[in-house]
Amino acid sequence: MAIIEIDENSGFCFGVVTAIEKAEAELERSGSLYCLGDIVHNASEVERLRLRGLDTITHADLENLHDATVLLRAHGEPPSTYEKAERNHITVIDATCPVVLQLQKRIKTAYDLNRKKLAAGEIAQMPLILIYGKEGHAEVNGLVGQTQGEAKVIQKIEDLDALDLSRDILLYSQTTKSLDGFRRIVAEIKSRKTQGDFQFFDTICRQVANRLDALRDFAASHDAVVFVCGAKSSNGKVLFEECLKVNPRTLLVSDESDLNLKMLQEAERIGICGATSTPRWLMQKIAEVIRMNS
């Protein structure tokens, strides 16, 4: 029988843990709660909480919702969401991750300061505020919202081609992006910049970034790896690719129904790991399914 191990470093980050704890506390108290967007990018966990009374809504739903209680997930929200909630007499349970919240405040402070400098004639134009992240991601939308929609999102080096890099630049990062990717963007901007100031801020969450080396070691130490994450998880895609680099026998699954048991048949040591949005109970369930079929 194969040895099956679950990576002790995988699973929810503290921001997600806090959001789920807040949701469960309110569900225990009242039996129902709205959540603006999926509370975590994992369909299995979303379904578990739905069965307890958590109703996932969209921003369009929020527009027509009144006198209700809504949880804002760890990804954070732009100021417009809070304004809408206040207009509609909505009670907000704010579960924004502290790391994301700090980044939002940092970007807003820089934006507001430069707006004042522009109005006072101290600078000729606003700096170009760049956010290295995934276009349309909930966290990124919240960050862009701190600048009244003026910040530009870059996902890859080619996105720099459309920007005026002669302006002063302030570069930040989505908290769950890869450090290597951020460093490549920084190096590229430096190589292209011939005038103007360039300031960059490594705002990547270390709880996420520091998992990489441990995850690579874990993947390399097993004959086969099952990486568990939801289809919507940006962090999951990054971590899965890192596992795949060191172990070609890495299988990506969202739940036990995706398992390719034939691929695992000859493996003597099977590792199970996941993203910061992957619940521990789901990795344990997958381990049990493999164990029963090995």
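Predicted model: local features only at pLDDT ≥ 70, side-chain atom pairs only at ≥ 80, totals over all residues.
Colleague: At what angle do helix H9 and helix H10 pack, and how far apart are their axes?

Modeller: Residues are numbered from 1 along each chain as its sequence is written, and side-chain values use heavy atoms, leaving out hydrogens and water. An axis is a line fitted to C-alpha atoms, for helices over the stretch in contact, and angles run from 0 to 180 degrees between N-to-C directions. Here H9 (residues 211-220) and H10 (residues 234-246) pack at about 45°, with axes 8 Å apart.

Colleague: Which word describes how H9 and H10 lie to each other?

Modeller: Angles under 35 degrees count as roughly parallel, over 145 as roughly antiparallel, 65 to 115 as roughly perpendicular and the rest as oblique. H9 and H10 are therefore oblique.

Colleague: Which residues of H9 and H10 meet?

Modeller: Contact means heavy atoms within 4.5 Å. From H9, Leu212, Leu215, Arg216, Ala219 and Ala220 meet Leu239, Glu242, Cys243 and Val246 of H10.

Colleague: And where is Gln146?

Modeller: Gln146 sits in the loop between helix H6 (138-145) and strand S7 (152-154). Helices (H or I, at least four residues) and strands (E, at least two) are DSSP runs, numbered from the N terminus.

Colleague: Is Gln146 buried or exposed?

Modeller: Buried means under 20% relative accessible area, exposed over 50%, partly exposed in between (1.4 Å probe, protein chains only). Gln146 counts as buried because its relative accessibility is 7%. Leaving aside residues up to four places away in sequence, Gln146 touches Glu77, Pro78, Pro79, Gln104, Ile107, Lys108 and Tyr111.
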